[in-house]
Amino acid sequence: VFSNWTGGVLSSAVLTNNPTLKFIMQSNLVLQANFVPNPFIPVAGTYQGLFYDTNGVEQLSSGFFNGTVSSNGLFTAKLQQGLSSYPFSGQFSLTGTWFTNSIKGASNVSAWLQLDLSGEDALTGVLSNASWTAELTADRAVYSKANPAPQVGRYTVVMPASANAAEEPGGNGFGSVNVDTNGNVTFLGTLGDGTKVSQSSIVSKQGQWPLYLALYSGKGSMLGWLDFTNEVDRDIDGWLSWTKPAGTTTGLYPKGFTNDLEAMGSVYVFTNGLRTLNLTNGVLILDNGDLAQDLTNTFVLGTNNVLSGTNLSRLTITNTTGLFGGTLTNPATHKAISISGAVLQKQSAGYGQFLGTNQSGSVTLQKNE
C-alpha cells in the first residue's frame, strides 16, 4: 500500500503521505512513490467491546462499540449508548491510528482510536467531551469453522441478589448462554428486578465476552467484561455495573440504584434420564420480596427434573437450557408465588427470583444437608 512521496520538490511543509501530490513542474525532477507491505490484511475483521470511565462507570459516558476494519484500513463503526447509536467511519493510518474532533450526533464527542498491528487482535481508544473521558477496548472476532472457539457450548449464568432488597434488587438475575463454533455469544436472561434481557456478541481469543444491556427504555444499563474460565465452582466470572436512574417508571425500585455485582456461570450439560443437579433431596429457600418471613421448603428432584414437595406446584428444570420455573404456595397467605431461575451444575445448586409488591426476592435450590 502507498506510504509516502519523496523527491526534490518536497519539504517538511508538504503532506508527503497524501497519495495526491500537487507541485510546480521543474526540469530534471525526480519523484518517488514509496510502498510498504499492507499492515491491515492480518487485522481486518469485526471488533466488539466496551467504553466507560475506568474511575467509575457512569451512564452518560459508557456503552458498546462495534466496528469492521477492511483489508485496506478503511473502517465503519458504531457507538451504542442506551437506545441511541452513533455511526462513524474513517481510514486508519499505516501506524493504526485515527482521530476525529467530533462524532456526529454524539454530543461533541472526540475519538482517538489505535488499531493493534502486532497480532494482539485488539483495538483501543479514548472518547471524550467537555464533561467526561472514557477508555475504549475492543477485540477482533477470530474464530471460525476452521478455527473453532474453545468455549463452544451451553452455559447458565447467575447475577447475585443484593443483601439490601429494600433499596436494590433482592432477586438473583439469571440466564442461558450459548457459544457457537464461530465464537458468537447469545445470552437470554432475566435481571434481579424481573427485567427481560438479551444480547448477541463475541468471545475474544483471550476468552472475554463484552456484555452490554440497554435497560429501562435506554435510561439505564448493565455492562462489564465476563471471562470464560475453568475454575472449581464456575466457568464464567466477571464484574458487572448495573444502573437504573431515579424516576424510571418501569418495574420495581423507582428511586433507582447503582449496583456492582460479580456474575458467575457454569457449563450446562444434560443427559436424558439423569438429574441436572447432583442431588436427590433438597431444600428451596425464599427470602426478601416483601415476605413476612423467609420460606423454606424441602423437595425431591426426580430423574425427569421435576421438583416435588409440600406447597410445591409443578416446579421444573428445563432440560435444554438449565432454567427452572414454577410456583410455590405461601403457607401463611395460601397464595401462589411464581419463581424462576437457573441451575449452576458446578455448584450443584440453583438460584433465582420472585417478585413481590415493592421488591424482588431471591430463590435458592440446594442440597438438604
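Modeller: Let me begin with Asn288, which lies in strand S19 (residues 281-288), where strands are DSSP runs of E of at least two residues, numbered from the N terminus. This is a predicted model, in which local features need pLDDT of at least 70 and side-chain atom pairs count only at pLDDT 80 or more, while totals for chains, interfaces and linings use all residues. Residues are numbered from 1 along each chain as its sequence is written, and side-chain values use heavy atoms, with hydrogens and water left out.

Biologist: What is phi of Asn288 near?

Modeller: Phi of Asn288 is near 65 degrees, a positive value in a residue other than glycine. Most residues other than glycine have a negative phi. Asn288 is partly exposed at 27% relative accessible area, that term covering the range between buried (under 20%) and exposed (over 50%), with a 1.4 Å probe and protein chains only.

Biologist: And where is Asp290?

Modeller: Asp290 sits in the loop between S19 and strand S20 (295-301); its phi, near 70 degrees, is also positive, and Asp290 is partly exposed, with a relative accessible area of 36%.

Biologist: Switching to pairing, which strands does S18 pair with?

Modeller: Strand S18 (residues 257-267) pairs in the antiparallel sense with strand S11 (residues 153-159) over 4 bridges, and with strand S17 (residues 236-244), again antiparallel, over 9 bridges; pairing requires at least two DSSP bridges between two strands. Gly265 in S18 stands opposite Val157 and is also the bridge partner of Ile236.

Biologist: Which residues touch the most other members of the largest nonpolar core?

Modeller: They are Met159, Phe187, Leu211 and Met222, out of 29 residues in that core, a core being a set of buried Ala, Val, Leu, Ile, Met, Phe, Trp, Tyr and Cys residues joined through side-chain atoms within 4.5 Å. The largest share of this core, 4 residues, comes from S15.

Biologist: What does Phe187 touch?

Modeller: Leaving out residues up to four places away in sequence, Phe187 touches several residues, including Val157, Met159, Trp209 and Leu211, where contact means heavy atoms within 4.5 Å. Apart from this core lies another, of 25 residues, with Leu79 and Trp132 among them.

Biologist: Last topic: how is the lining of the largest pocket divided?

Modeller: That lining has 5 nonpolar, 5 polar and no charged residues, and its members include Val1, Phe40, Asn72 and Gln91. A pocket is an open set of points on a 1 Å grid over the protein atoms alone, where a 1.4 Å probe fits, with protein on both sides within 12 Å along at least five of seven lines, and lining residues have an atom within 4 Å of a point.

Notes:
Nonpolar A, V, L, I, M, F, W, Y, C, P; charged D, E, K, R; others polar.
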